[in-house]
Every structure is written in structure tokens, then in C-alpha cells.
Amino acid sequence: MKYDYLIVGAGLFGAVFAQQAKAQGKAVLVIDKRNHIAGNVYTEKVEGINCHKYGAHIFHTNNEKVWNYLQQFAVFNRFTNSPVANYKGELYSLPFNMYTFNQMWGTVTPDEAKAKIDEQRKEITGIPKNLEEQAISLVGRDIYEKLIKGYTEKQWGRDCKELPAFIIKRLPVRLTFDNNYFNALYQGIPVGGYTKMVQNMLDGIEVRLGVDYLANKAEYDAMAKTVVYTGPIDAYFNYALGYLEYRSVRFENEIIDKPNFQGNAAVNYTDRETPWTRIIEHKWFEFGKDEENNDLPMTVISREYSSEWKIGDEPYYPVNDEKNSKVYENYRSLAQKERNVIFGGRLGEYKYYDMDQVILAALNCVAEVNN
């Protein structure tokens, strides 16, 4: 066998695992079905702007180990995620904070805002039966109607009354004037884009793109002692126990011949009537500048549409409800019987991972198997 590890998927889990395995002297081959590395964090240059091809990825973590690890491969800028909500032309600050409450009700002090929320929360008595009741019990009817209901229904393709309450375990309510969405110690975007960062991770490692592992599984399995598989776990087993469900996202991209479209990286459209969930203006992830700190004359936007996943679509978010969790557990039992195969990442573990969680999982996994 030529390789110690065949890594299926050049996204974050695969790239971190490959980098660490190589650093420990292992022979590694990385393959990916797509014609590019970096998985869903892939960024591509359009009009000098690093565009997030598969949706906005803003790195944030409280984990010092993960942050220090990444510093080897990228310099991070100090981008802070402060999205804006657009409800039928009314603009609100996110996450819910004193600016939001002032815009919503004209409240000025934390006591006034808290009293308003507490008064509206009383509408729900007893245990919330669905997402609508859960949201109202947390933040009251006004915030629910304007900033949660339409956005959530577009994201999940279902009425909030039909969605389980557990989807919204908590909603951050800040009685301060703080627009920083992520309550994280470390936050930013890699200067030059995520693709450059992943490229640095894979430096010196053999990578083959446009390769379908599952179509030639036996041939690829024979090349390495161990396979690290980061694709969909149900596809690995040829959907023998049924399909796992995902939400998918479709993007409508537009190059606009002016320097500023919306003045912010992310604007969420929270009414039900606007068909897209949000518009991303990519240049603001890097403050509208190129790498030489010049102002960029054009802008690129992406309208995001949430959709049900079907075979052939890109899977984005696992639908971790009770039904799918049971199906996944059955696949996990099968996976544990596979010899010399490691399942990892968002698709391999059917888990909603943030980027830092994926990186930590890969670091822990490679440490465990090479001990």
C-alpha cells in the first residue's frame, strides 16, 4: 500500500487531518469530488474580492488551541459579525440588543426593554409546544413576528407552528449596546480567503481533484491502510438504511458596478414575502479593500435561498430531528463495524459543526489514531 491515509474530502476536517498526519511522517493522499479544495469554506476571487462561494463563513472560537493552530496557516483580520435585519424596509440590529429594542419600541434603558420583553413573554403559559411558542416565551411576540418568524420559515420550509420547540433552545437577548453577533474571544476572516488558508495546510501533500471515491471505492481503498471519509455517511453505505435529510442553500450571485450595495456584509430579510433569506456583500468581510489595502471599485452580492435537499444538491445543514437522529444512529452502528475507516466532519458525523468544532474534532481524531 502506497499511503498510510486516503482522505476523502479536502474540506476543513480532511485538510487538518492530512496536515497533522503528514507532520507525523505519514504518507497521505487527499481526494475530492469537487474541482477545488477547501470544501464549503472555499473562497474564489471575483473582481478582486474573495467571495464565499458556499455562503458566509466567519471564523469564531473561544478555543485557544484551535486559534493557535490556525495561526500557522493564515493571518486573520479583525472582522466582527454585526448583521442587520430588514423587515419590510425597517432595519434592526442583530443579535437582539439595546439598539434593536430602541428601534422596535423606542425603549431607552435596559429596565424599559426588559419590562417590555417580560410583559410579552407572559402570552405563553405552560411548556411551549412548538417553535413559535418557544420563541414567544423567550423574547415576546413583537420580536418573534418581525425578526424570527419569516426568516425561520424560509430557512426550514415549514410553518413555525410545525417546527419543534428544541430548534430554538435559547435566543441571545443583550441588554447592552453590543452588535457583536458571536460572543467569542477570537474572531475574524483569513486575509486572502479561506482557500489560501487550506492551501497552506495542504502544502506538500498530494491532492487529486474531480475524483469520485464512491464510484471507484475498491480501487481507492486498496491504496491506503486507513480511509478518512468526510462525505455523507448514508451515501457511503449506499443509502441502505434510508436517506438522511438536509437543508440546502441556493445562491444567486451578482456583480454590481458600484462600490457599495448595502453597507454591511450580511443583511437578513426577515419577512416571509421576500424569497431570499439574506444578502451577503462579500467585500465587507475584508473591509472593502484588496490585499494592498486599495478600495475595490466593484461589489459582488449573493442572495441566499433556503431549500429542501434532494440527491444531487449540496447538503448544508443536517436536519437533526428525532427521525433523522434515529436513522443516523443506525448508520453509526454500521460505521463502527467498518475496519480501517474513520468517519469525520459535518457530513460524516451528521452533525451541525461550527468551523472551530470541525478543526478541534480533526485534531483530536488524528492525535487519537496516531498515539
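Mentor: Start with the residues where H5 and H6 touch: Leu131, Glu132, Ala135, Ile136 and Val139 in H5 meet Arg141, Ile143, Tyr144, Ile148, Lys149 and Thr152 in H6. Sort that contact by type and you get 7 nonpolar residues, 1 polar and 3 charged. Keep in mind that this is a predicted model.

Now for the geometry. Two packed helices are described by the angle between their axes and the distance between the axes. Here H5 covers residues 131-139 and H6 covers residues 141-156, and they pack at an angle of about 140 degrees with their axes 9 Å apart. What do we call that arrangement: parallel, antiparallel, perpendicular or oblique? The cut-off for roughly antiparallel is over 145 degrees, and the angle here is about 140 degrees, so H5 and H6 count as oblique to each other. As for the handedness, H5 passes H6 in a right-handed crossing.

Let's move on to the sheets. Strands of a sheet pair through backbone hydrogen bonds, either parallel or antiparallel. Look at the E9 end of the order: E2 and E9 pair in the parallel sense over 4 bridges, and Val30 stands opposite Val207 in E9.

While you're on E2, which is residues 28-32, pick out Leu29. Is Leu29 buried or exposed? It's buried, because its relative accessible area is 0%. Set aside its neighbours within four places in sequence, and Leu29 is in contact with Tyr3, Tyr5, Leu6, Ile7, Glu206, Arg208 and Met223.

E11 (residues 246-256) is joined to E15 by 2 bridges, and the two run antiparallel. Tyr246 has Pro318 in E15 as its bridge partner. E11 also pairs with E14 (residues 299-308) in the antiparallel sense, over 10 bridges, with Glu254 opposite Ile301 in E14. Elsewhere in the sheet, 3 bridges join E12 (residues 266-269) to E13 (residues 278-281), and these strands run antiparallel as well. Val267 stands opposite Ile279 in E13.

Next, a few spots in the backbone. Most residues other than glycine have a negative phi, and most peptide bonds are trans. With that in mind, find Leu94 and Pro95: a cis peptide bond joins them, with omega at about -5 degrees. Pro95 sits in the loop between E7 and H3 (98-105).

Then there's Asn340, which isn't glycine but has a positive phi, near 60 degrees. It lies in the loop between H10 (322-337) and E16, and with a relative accessible area of 46% it is partly exposed. Tyr350 has a positive phi too, near 45 degrees. You'll find Tyr350 in the loop between H11 (345-348) and H12 (355-369). Tyr350 counts as buried, because its relative accessible area is 3%.

One more side stop is Thr195, in H7 (residues 194-201). It is buried, with a relative accessible area of 14%. Beyond its neighbours within four places in sequence, Thr195 is in contact with Ile37, Ala38, Tyr42 and Thr43.

Technical notes
Residues numbered from 1 in each chain as written. Predicted model: local features only at pLDDT ≥ 70, side-chain atom pairs only at ≥ 80, totals over all residues. Heavy atoms only, no water. Axes fitted to C-alpha atoms, helices over the stretch in contact; angles between N-to-C directions. Parallel < 35°, antiparallel > 145°, perpendicular 65-115°, else oblique. Left-handed = near helix turned anticlockwise from the far one by under 90°. Contact = heavy atoms within 4.5 Å. Nonpolar A, V, L, I, M, F, W, Y, C, P; charged D, E, K, R; others polar. Pairing = 2+ DSSP bridges. Buried < 20%, exposed > 50% of the residue type's maximum accessible area, 1.4 Å probe, protein only.
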